[in-house]
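This report goes through one protein chain, from its overall form to a few of its residues. Please keep the sequence and the model in view while reading.

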Amino acid sequence: MKHVRWLVLLPFLGMLGGPFVLNRVEPLIFGLPLLLAWLVACVIASSAVMGVIYLCDPARSEAE
């Protein structure tokens, strides 16, 4: 379980590193500039990572 919790860092690092690499207007993704689309994807990835951590948590299965 301790190794799965390290997944939390991925969206955080994506949000920190994105502006340095993707700070440009073109290309547009769904009408959004590249950086804004990247940040929206990181927020969605944060939710997915939290769901994976929840499913892998052994305390969740003990409560049922």
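## Overall fold

Which pattern does the chain follow when read along the sequence? In this predicted model, the chain follows the pattern α-α-α, and its secondary structure comes to 3 helices and 0 strands. The radius of gyration is 15 Å, well over the 11 Å that the globule rule gives for 64 residues, so the chain is more spread out than a compact globule. Along the principal axes, the C-alpha atoms fill a box of roughly 50 × 20 × 10 Å.

Among the contacts in the chain with a separation of 6 or more, 58% are accounted for by residues 24 or more positions apart.

## Surface and charge

Of the 64 residues of the chain, 16% count as buried. The accessible surface comes to about 5,000 Å², and 74% of that surface belongs to carbon and sulfur atoms.

G14 lies in helix α1, which covers residues 9-21, and W38 lies in helix α2, which covers residues 34-56. Which residues does G14 touch, not counting those up to four places away in sequence? G14 touches W38 and C42, and the C-alpha atoms of G14 and L39, which are 25 residues apart along the chain, are separated by 7.9 Å. G14 has a relative accessible area of 11%, and because this value is under 20%, G14 counts as buried.

W38 and P19 are 19 residues apart in sequence, and the distance between them, C-alpha to C-alpha, is 9.0 Å. The C-alpha atoms of V40 and L10, 30 residues apart along the chain, are separated by 14 Å.

## The cysteines C42 and C56

Is C42 buried or exposed? C42 has a relative accessible area of 7%, which lies under the 20% cut-off, so C42 is buried. C56, by contrast, is partly exposed, because its relative accessible area of 40% falls between the 20% and 50% limits.

A disulfide is a covalent bond between the sulfur atoms of two cysteines. A search of the whole structure finds 0 disulfides.

## The loop between α1 and α2

Where does F30 lie? F30 is found in the loop between α1 and α2, and with a relative accessible area of 84%, a value over 50%, F30 counts as exposed.

The backbone at this position also deserves a look. Most residues other than glycine have a negative phi. F30, although it is not a glycine, has a positive phi of about 55°.

Terms used
Residues numbered from 1 in each chain as written. Predicted model: local features only at pLDDT ≥ 70, side-chain atom pairs only at ≥ 80, totals over all residues. Heavy atoms only, no water. Helix = DSSP H or I, 4+ residues; strand = E, 2+ residues; numbered from the N terminus. Rg over C-alpha atoms; globule rule 2.2 N^0.38 Å. Buried < 20%, exposed > 50% of the residue type's maximum accessible area, 1.4 Å probe, protein only. Contact = heavy atoms within 4.5 Å. Areas by Shrake-Rupley, 256 points an atom, 1.4 Å probe, with all protein chains shown as cover. Disulfide = S-S within 2.5 Å.
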